[in-house]
There are 2 protein chains.
Amino acid sequence: VIEMRIAALHYERMTALDLVGPCEILAGLPGAELISVAAEPGPKRCDQGLVLVAEHALADVPRPDVVLVPGSSDPSDPIGDERVRAWLRAASAHARMTASVCTGSLVLGAAGLLQGRRATSHWAALELLRGFGAEPVAERVVFDDPIVTAAGVASGIDMALHLAARLAGDHAAQVAQLIAEYDPAPPFDCGSPGKASPEVLSAARELLGVPSPAAHTP
Amino acid sequence: VIEMRIAALHYERMTALDLVGPCEILAGLPGAELISVAAEPGPKRCDQGLVLVAEHALADVPRPDVVLVPGSSDPSDPIGDERVRAWLRAASAHARMTASVCTGSLVLGAAGLLQGRRATSHWAALELLRGFGAEPVAERVVFDDPIVTAAGVASGIDMALHLAARLAGDHAAQVAQLIAEYDPAPPFDCGSPGKASPEVLSAARELLGVPSPAAHTP
């Protein structure tokens, strides 16, 4: 079993599920070691109110094998923090894979890691990737090795299973999926903009503070 | 908008995704307020290594509207803690709904809340529910009002959407699903025992320390 150190970036106002979903899948892989890191170690309040603790400073984990970057409804802290951006550039240069979930891809973009790359993000933030020189791709999981980006929040679990298969093989990924009992059965089929009703999409845009495209129609 | 206080029980070795998945869905509902509670407030190390912080003591939140109990690969701490069991009995007596994920149902059972009720749990723990007077049901989400139990880990997200629809209506639940971009697309179809290959099921049982049924066959 090859050792696999997974650095999970923490920051204020991150979306807890972006981080916890993939960690639940990846941390049980053979040889995996999960390491929580932040520019300032300590407790971080997530955007829905839960508190997660980063136990290590970025400098403690210069060469992880896997880098995991969660998103946030407001990722301005890591986007504006040169310590985070510099660590991401250096760590990802040596990592087997660098992964983001949701608007975590904007953080990778701000670090300069998505220039000329195909990438995805939360549906409401997808077009913002262009500002970082990336080509937005409206897919749930986008590999542009050695970077993988996932769409919004819950897509991180799907991304992590694809990533687990790459890192540890299909068998290990399938065992992780069975242990997590990830046999999804949502009560509604409205989890992406193309499937939701206009009323649901409009309400989601309003809650997210995203202008409706209709507002720009003359 | 009616106020809805959601008490999320924290404890040592809990499974982070059991708690974080449902919280991500429920915390954004109209009027929702997420409150982290534990017998001893403070940081709790989850079974995959992440650290979540409980900010309130159980006595601070005697009458939540919703009670959420995560599972664990080893839920012996809350099962053996009369402070937790007594709080669960008292809180659930007044709550609109009491919800568990994964082996969180064993914690509800230990508190005496599942006597004569239909309930579910992680597939590897399902039969243990009989020891608490419950009828094990091999379904992903089981309502026996005012208690709802979910199967393993990731099923908590499905449960939370059903619960959100009960608490706040289909529209609000659908908006939550779209914001979380929960449009699942796992790379494998092996997330429950009946769908996994014998090799994957056997490996999962071994990792979980669950004896294989085959071992009992003469």
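User: At what angle do the axes of helix α1 (residues 16-26) of chain A and helix α1 (residues 16-26) of chain B cross?

Analyst: They cross at roughly 145° and come within 9 Å. Axes here are lines fitted to C-alpha atoms, for helices over the stretch in contact, and angles run from 0 to 180 degrees between N-to-C directions. Helices are DSSP runs (H or I, at least four residues), strands likewise (E, at least two), numbered from the N terminus. This is a predicted model: local features need pLDDT of at least 70, side-chain atom pairs count only at pLDDT 80 or more, and totals for chains, interfaces and linings use all residues. Residues are numbered from 1 along each chain as its sequence is written, chains are lettered from A and ligands numbered from 1 in the order in which they are written, and side-chain values use heavy atoms, without hydrogens and water.

User: Which residues make the contact of α1(A) with α1(B)?

Analyst: Ala16(A), Leu17(A), Val20(A), Gly21(A) and Glu24(A) meet Ala16(B), Leu17(B), Val20(B), Gly21(B) and Glu24(B). Contact means heavy atoms within 4.5 Å. By class, the helix contact has 6 nonpolar, 2 polar and 2 charged residues. Gly counts as polar, Glu as charged, and Ala, Val and Leu as nonpolar.

User: What makes the relation of chain B to chain A that of a two-fold axis?

Analyst: A rotation of 180° with 0.0 Å of shift along its axis superposes chain B on chain A, with RMSD 0.0 Å. That is the relation of a two-fold axis. Of the residues of chain B, Leu52(B) comes closest to the rotation axis, at 2.3 Å (C-alpha).

User: How do you know that the copies meet through the same surface?

Analyst: 100% of the interface residues of chain B are also interface residues in chain A, so the surface is the same.

User: Why is Val61(B) called buried?

Analyst: Its relative accessible area is 2%. Val61(B) sits in the loop between β5 (56-57) and β6 (66-69) of chain B. Its contacts include Ile35(B), Val37(B) and Trp87(B).

User: Is Arg13(A) buried or partly exposed?

Analyst: Arg13(A) is partly exposed, at 32% relative accessible area. Its phi is near 70°, a positive value in a residue other than glycine.

User: What joins Asp145(A) and Pro146(A)?

Analyst: A cis peptide bond, with omega about 5°. Pro146(A) is in the loop between β10 (141-144) and β11 (147-150) of chain A.

Notes:
Least-squares fit on C-alpha atoms with pLDDT ≥ 70 in both. Buried < 20%, exposed > 50% of the residue type's maximum accessible area, 1.4 Å probe, protein only. Lists of a residue's contacts leave out its neighbours within four places in sequence.
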